[in-house]
Amino acid sequence: QVQLVESGGGLVQPGGSLRLSCAASGSMFWINAMGWYRQAPGKQRDFVARITSGGSTNYSDSVKGRFTISRDNAKNTVYLQMNSLKPDDTGVYYCNLDRRNPVTQGITSFWGQGTQVTVSS
């Protein structure tokens, strides 16, 4: 199993910045990618950003140019730097880790408990 613990959420004014962290522990093998998703009240959980084991990144169109995902392999931690925050960025941010079995190619996903981000004046 893998445990994911997010931190760094909070209340910020529009235009402000926050940095989220996700510390992973446990069975850290066959890691395919780690990423962030968010869920606004009454809406589905949506993809935000992802970084693969090879270091490739991709972002949702809504955050491209404002958010940056990065990782510290020595600490098994992934970060999400969020700049120029907007009220639409409000939601619970969840850390995700995908593990790919090299034999079956099956994906196992793990999730953190989430951290609240509120963008409001």
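A charge sits over a ring if NZ of Lys or CZ of Arg is within 6 Å of the ring centre and within 35 degrees of the ring normal. In this predicted model, local features need pLDDT of at least 70 and side-chain atom pairs count only at pLDDT 80 or more, while totals for chains, interfaces and linings use all residues. Residues are numbered from 1 along each chain as its sequence is written, and side-chain values use heavy atoms, without hydrogens and water.

The charged end of Arg45 sits over the ring of Tyr94, 3.6 Å from its centre. Arg45 also has its charged end over the ring of Trp111, at 4.7 Å from the centre.

Trp111 belongs to a cluster that ring pairs form with Tyr37 and Phe47. Rings of Phe, Tyr and Trp (its six-membered ring) pair if their centres lie within 6.5 Å; planes under 30 degrees apart count as stacked, over 60 as edge-to-face and the rest as tilted. The structure holds three aromatic pairs. In one of them, the ring centres of Tyr37 and Phe47 are 5.6 Å apart and the planes stand at 75°, so the pair is edge-to-face. Tyr37 lies in strand β4 (residues 31-39) and Phe47 in strand β5 (residues 45-52), so this pair ties together parts 10 residues apart in sequence. Strands (E, at least two residues) are DSSP runs, numbered from the N terminus. The rings of Tyr37 and Trp111 have centres 5.0 Å apart and planes at 70°, so that pair is edge-to-face. Trp111 is in strand β10 (residues 107-111), 74 residues from Tyr37.

Key:
Helices (H or I, at least four residues) and strands (E, at least two) are DSSP runs, numbered from the N terminus.
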